Number of protein chains: 2
Amino acid sequence: MAKDIRIVEVGPRDGLQNEAAHLSLEDRRQLVSLLASAGLRYIEVGAFVSPKWVPQMQNSGTLISGLFELKKEKVISSGVQFSALVPNPTGMKDALQTSLTEIAVFGACSESFSKKNINCSIEESFERFAEVIRLAKQNRIKVRGYLSTAFGCPYEGAVSPKVAVNLVQRLLKMGVYEVSVGDTIGVATPKQVRLLLRKLKDKVSLRKIAMHFHDTRGTALANVLASLDLGIRVFDSSVGGLGGCPYAKGASGNLATEDLVYMLHGMGCRTGVDLAKLVAMRPWIESRIGRQLPSRVGQAGVPSHRYDQ
Amino acid sequence: MAKDIRIVEVGPRDGLQNEAAHLSLEDRRQLVSLLASAGLRYIEVGAFVSPKWVPQMQNSGTLISGLFELKKEKVISSGVQFSALVPNPTGMKDALQTSLTEIAVFGACSESFSKKNINCSIEESFERFAEVIRLAKQNRIKVRGYLSTAFGCPYEGAVSPKVAVNLVQRLLKMGVYEVSVGDTIGVATPKQVRLLLRKLKDKVSLRKIAMHFHDTRGTALANVLASLDLGIRVFDSSVGGLGGCPYAKGASGNLATEDLVYMLHGMGCRTGVDLAKLVAMRPWIESRIGRQLPSRVGQAGVPSHRYDQ
């Protein structure tokens with residue numbers, strides 16, 4: 001009866017990218033290494049973007065080479081899958097210089113967000129994806145798709161489920177193996193999640209859908225529950241809740257991996273993650289980013305007794 | 001189709017009781033007044049306990065007299081129901097000096113917690129309740145029951161649902177009109193909530209059950225969702241998440257009223273609460289308690305668009 005859940009750890013990319021502190025290459029490598037040793041098996045480690053726009057992600061190629069070295073030396077288990085964000089064909093050419101076997105593309109459900117976040121219209125972004133995916137396929141690289149602002153856009157407000165369903169279908173047709181559907185600004189409640197997932201279920205297999213929730217308004221785990229009940233088995237999260245919310249200073253952004261793992265384990269799900277190890281990373285990360293991490297479990301700690309009867 | 005949800009605001013009692021800062025009587029009165037003006041209709045405002053043990057709650061009688069004055073002056077709406085915690089017959093005699101029409105008794109599901117928290121065994125606490133309830137009935141005062149540590153005890157670990165079901169039944173038989181079932185240390189996940197509520201449903205009407213969740217490990221709203229789905233319509237919460245967790249410094253305790261209201265409204269439920277007014281109270285409360293409140297919605301703010309499609 002136990003459900004196997006795949007957690008995609010996005011802290012080293014989505015998380016660090018939204019932190020004011022810029023970690024050194026050595027610290028980024030150490031972060032990934034610690035995450036792998038805590039049992040995370042899917043880690044998005046960097047992005048092939050311009051260092052001018054996203055200095056936090058600079059030298060991702062060098063980072064990834066170092067990580068593959070750690071795999072060779074068996075410091076990082078061979079079962080760990082790395083991925084990196086690739087926004088355009090230029091980034092893809094850089095990604096091809098590494099040993100990566102998986103990359104991700106990132107789009108949005110709202111025109112305003114697409115323009116402000118990735119500097120092009122939704123149509124233009126899909127043209128870029130087509131070329132990135134073509135290059136990836138040529139090189140036998142798997143591609144994951146992100147669809148952000150699926151429930152709401154900070155500029156336009158609510159997003160119709162129809163828009164998200166249509167873009168998910170397009171991404172899958174283009175060849176991504178999974179679409180991570182994101183509540184980028186943390187506005188969804190379980191009602192919206194159920195609405196979207198029921199509409200999605202009519203069109204695509206939910207096995208190809210991951211959910212990416214933000215805990216900005218405390219609803220992330222409730223949204224995970226709604227998704228679990230409807231059959232979703234893949235969730236994105238960020239260690240410690242790394243990342244913050246760029247639209248509200250000091251507020252939470254990404255769902256914290258510890259909080260996700262705590263609830264999943266309490267519900268009898270299997271994740272492969274060692275929660276105590278994850279929580280133990282907290283002081284190290286906080287010393288590097290210079291602020292307290294918002295994870296609830298991180299702050300409260302793993303209970304000394306078991307409550308998952 | 002919209003569900004009407006009753007929120008029992010416990011910030012002025014359960015919240016303040018667990019804060020290091022001790023608010024003045026004037027500030028406590030102002031807090032209740034602000035909560036009432038934000039649309040909260042059930043507010044637990046104080047406790048008739050020894051000021052030696054709980055200095056934060058001292059002079060609750062004077063506070064309550066002042067609040068009834070504010071009702072007379074129509075500063076506080078006549079529809080607002082006040083309540084106060086009464087631990088024993090001595091406290092009940094003090095409560096009877098006020099105009100209160102409702103009080104609450106507080107018990108636990110674990111012997112160790114009962115002894116450490118209210119200084120008597122579970123059996124002894126029920127003997128006290130019997131006398132308190134007898135005095136209340138004589139004076140036509142409604143009694144609400146709290147059952148804490150229903151999912152877990154910090155000293156003994158997991159609590160069997162059988163224990164909680166049995167104690168809920170006993171409280172209802174003794175004449176409380178509703179039992180608030182508490183995850184006092186914030187360890188439950190939706191699995192445990194569903195398990196307990198399904199067992200409870202076999203024995204009592206869930207219309208007599210309220211749920212009291214703590215967000216210590218981020219699961220409070222997921223637990224609210226699980227409860228809502230099973231028919232629960234009354235939830236306790238604390239403005240701003242006032243209260244903290246006495247077992248983990250700096251960690252969250254009570255579910256924040258803002259977070260609860262945000263999710264409920266997003267799901268189309270009616271609470272009567274004005275979320276913007278609630279969030280606007282935040283700076284005032286923080287200035288009084290001298291720390292940042294943990295509410296996620298409080299930190300992020302009410303979104304400028306509507307996302308509750």
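Modeller: One term before we start: a residue is buried if 20 or more other C-beta atoms lie within 10 Å of its own, exposed if 12 or fewer, and partly exposed in between, with C-beta atoms placed from the backbone. This is a predicted model, where local features need pLDDT of at least 70, side-chain atom pairs count only at pLDDT 80 or more, and totals for chains, interfaces and linings use all residues. Residues are numbered from 1 along each chain as its sequence is written, while chains are lettered from A and ligands numbered from 1 in the order in which they are written.

Colleague: Which residues of α7(A) are buried?
Modeller: Helices (H or I, at least four residues) and strands (E, at least two) are DSSP runs, numbered from the N terminus. α7 of chain A covers residues 161-174, and what covers its buried residues includes β4, β5, β8 and α8 of chain A. The buried ones are A:A164, A:V165, A:L167, A:V168 and A:L171.

Colleague: How far does helix α7 of chain A reach from its first C-alpha to its last?
Modeller: The expected span of a helix is 1.5 Å times one less than its number of residues. With 14 residues, α7 of chain A is expected to span 20 Å, and its reach is close to that, at 20 Å.

Colleague: Which element gives the most to the side of chain A that touches chain B?
Modeller: Two residues are in contact if their C-beta atoms, placed from the backbone, lie within 7 Å. In that sense 42 residues of chain A are in contact with 42 residues of chain B. Elements giving two or more residues to chain A's side include α8, α10 and α13. With five residues, the one that gives the most is α9(A).

Colleague: Where is A:R306, and which residues of chain B is it in contact with?
Modeller: A:R306 lies in the segment after α13 of chain A. A:R306 is exposed because it has 12 other C-beta atoms within 10 Å. Leaving aside neighbours within four places in sequence, its contacts are B:G157 and B:A158.

Colleague: In chain A, which C-alpha is nearest the axis?
Modeller: Copies are superposed by least squares on the C-alpha atoms of residues with pLDDT of at least 70 in both. Chain A can be laid on chain B with an RMSD of 0.0 Å by a turn of 180° and a shift of 0.0 Å along the axis. The two copies are therefore related as by a two-fold rotation axis. At 1.8 Å from the axis, the nearest C-alpha in chain A is that of A:A222.
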